[in-house]
Amino acid sequence: MYLLLADWLLTLIEKFVLIAVIVTTALIVAMYSTYAERKIAAFLQDRVGPNRAGPFGLLQPLADGVKLFMKEEIIPLTSSRFLFILGPMLAMITATMTSAVIPWGSTIDIAGRVVPLQIADINIGVLYIFGVVSLGVYGIMIGGWASNNKFSLLAAVRGASQMISYELAMGLSLLAVLLIVGDLRMSVIVNHQMAHGWNVFYQPLGFLIFFVCALAECNRTPFDLPEAENELNFGYHQEYSSMKLGFYLFAEYINMFISGVVMATLFFGGYDIPFFNEAAHAGTWWVGLLGFLCLMTKAALSIFLFMWIRWTIPRFRFDQLMNLGWRGLLPLALINMLITAAVVLWLNTK
Amino acid sequence: MGITQLLFWILAIASLFSALMVVTSKNPVYSVIWLIITFFTISGHYVLLNAQFLAIVNIIVYAGAIMVLFLFVIMLMNLSKETEPQKNKWLRLIGALAGGCLMLVLVAALKDTAGKDAELGTGSIGLIQNLGSVLFHDYVVPFEISSILFLSAMVGAVVIGKKEERTGPREGNRQLVEDAKESMGV
């Protein structure tokens, strides 16, 4: 009985430590994504970028954070005070929640205890991600409405309709991956890719659809219509100031990082190290660490791709965006799913 | 009291409270937000019954999609006490009566299930594999028929949405110009 309790407590502590580490990692990556964004923008526009705070401007994100914290906090008198504060909170919570089901690495041994580098390996892993993504719109909607500003509301409605439209194609492209793997657990999806090769080779079209939808879900250019300055002044966070605005901006970068990690996990083998047989060195700490670093590299590459696109392609018009989502991506994803299902069925019955 | 039982009581109280708040909230936006919380607590109950698939689908479909549309409509209508037509006393009474009848039926239906206790954490029908084989094997015909029903509803929604395009603003303007011309005798 005591042994059982001790084991239970150890697991609890282990999970708490893991949650703290992962959320901190996500925050730090998001922090330096802002720096990377400005540097990449500067590079693409033939500028220098931030170079004053620290060597190469490396302390710039800290300076930005301090600035946001020190700014005056303004809550408009005509706003719904509680919902106005709830908005950025929800944006931040939904941004970090997805990280719970992502396998960040294989297992590692700590003093004879096998510790999986995943917070929760639930049997509906992919659907959980999908659920959290579908909740992501509340931060924008509630914040935009509570501001009591027509531009904010317009931006919030735009954001919500855009996210709902692109969720469908995203879900259908995910289904094709699930048909190949045959399981919803994230860890099984990664292991399947280790054994049979990365999903992106089986599902190139599915990956493309997923990538475009991820851009739209993160409100990144060319889909950043909720933040279209020239039409909406500033977007759904127009009335926000100080760190509440910071939370909205920050949540976007966390979303970008998490969607990079999700794409790496679903299509690029997760923590799989290319051209290397992990099974031969299973359980050793350096393989776990290398796998984690590999996953981070894959995520960083996709963040770079997001930024590259942002500073290269102009914004869509709203009707173009809806056309692409409903008439372009959705039928394409449906066809992709049907063909995948037929091929999987044919291979299984052969 | 085990941990499952404790969780059940917390969830039950939370779901009853949030459901009451849906009805009693003055502002419809707050009502919708309480309804979202109600869906979350119901999903919690599903998890306790070891039906993770139902739990997450409940969140994706109801909290993630349908409630967003509700919020959408209510936010755009900008309802308030001044603009919203207040229902009269009799309508409220009849509404309460109808709700009471529904509750009576539900209680009557649940009265005979005393011997059948819920399987806490041991049942497996809510898992995705079992649910899939039940829906697509045992009940495949009713399932497909209901999907046709959904399809017809979707087609109906598209048809209703399309109808408004015919009387666009430009055509209306043209009509106005014609009328004006006629009245002036041109």
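**View 1. Helix α6 of chain A packed with helix α13 of chain A.** In this predicted model, helix α6 (residues 150–181) and helix α13 (residues 318–349), both of chain A, have axes that come within 8 Å and cross at roughly 15°. Because angles under 35 degrees count as roughly parallel, α6(A) is described as roughly parallel to α13(A). The crossing in which α6(A) passes α13(A) is left-handed, and the residues of this contact divide into 19 nonpolar, 6 polar and 1 charged.

**View 2. Helix α3 of chain A packed with helix α5 of chain A.** Helix α3 (residues 81–97) of chain A and helix α5 (residues 137–146) of chain A pack at an angle of about 165°, and their axes are 7 Å apart. Because angles over 145 degrees count as roughly antiparallel, α3(A) is described as roughly antiparallel to α5(A). The crossing of α3(A) and α5(A) is again a left-handed one. On the α3(A) side the contact is made by Leu83(A), Phe84(A), Leu86(A), Gly87(A), Pro88(A), Leu90(A), Ala91(A) and Thr94(A), which meet Tyr138(A), Gly139(A), Ile140(A), Ile142(A), Gly143(A) and Ala146(A) in α5(A). Sorted by class, the residues of this contact comprise 10 nonpolar, 4 polar and no charged ones.

**View 3. The largest nonpolar core and the surroundings of Ala156(A).** The largest nonpolar core holds 103 residues, among which Met141(A), Ala156(A), Cys213(A), Phe257(A) and Ile56(B) touch the most other members. Helix α11 (residues 242–267) of chain A supplies the largest share of this core, namely 15 residues. When residues up to four places away in sequence are not counted, Ala156(A) touches Ile140(A), Met141(A), Gly144(A), Trp145(A) and Tyr236(A).

**View 4. The contact between chain A and chain B.** Here 17 residues of chain A are in contact with 16 residues of chain B. On the side of chain A that touches chain B, the elements giving two or more residues are α4 (125–135), α5 and α6 of chain A, and α4(A) gives the most, with 6 residues. By class, the residues on this side of chain A divide into 14 nonpolar, 3 polar and no charged.

Technical notes:
Residues are numbered from 1 along each chain as its sequence is written. Chains are lettered from A and ligands numbered from 1 in the order in which they are written. This is a predicted model: local features need pLDDT of at least 70, side-chain atom pairs count only at pLDDT 80 or more; totals for chains, interfaces and linings use all residues. Axes are lines fitted to C-alpha atoms, for helices over the stretch in contact, and angles run from 0 to 180 degrees between N-to-C directions. Helices (H or I, at least four residues) and strands (E, at least two) are DSSP runs, numbered from the N terminus. Angles under 35 degrees count as roughly parallel, over 145 as roughly antiparallel, 65 to 115 as roughly perpendicular and the rest as oblique. A crossing is left-handed if the near helix is turned anticlockwise from the far one by less than a right angle, and right-handed if clockwise. Ala, Val, Leu, Ile, Met, Phe, Trp, Tyr, Cys and Pro count as nonpolar, Asp, Glu, Lys and Arg as charged, and the others, Gly among them, as polar. A nonpolar core is a set of buried Ala, Val, Leu, Ile, Met, Phe, Trp, Tyr and Cys residues joined through C-beta atoms within 7 Å. A residue is buried if 20 or more other C-beta atoms lie within 10 Å of its own, exposed if 12 or fewer, and partly exposed in between; C-beta atoms are placed from the backbone. Two residues are in contact if their C-beta atoms, placed from the backbone, lie within 7 Å.
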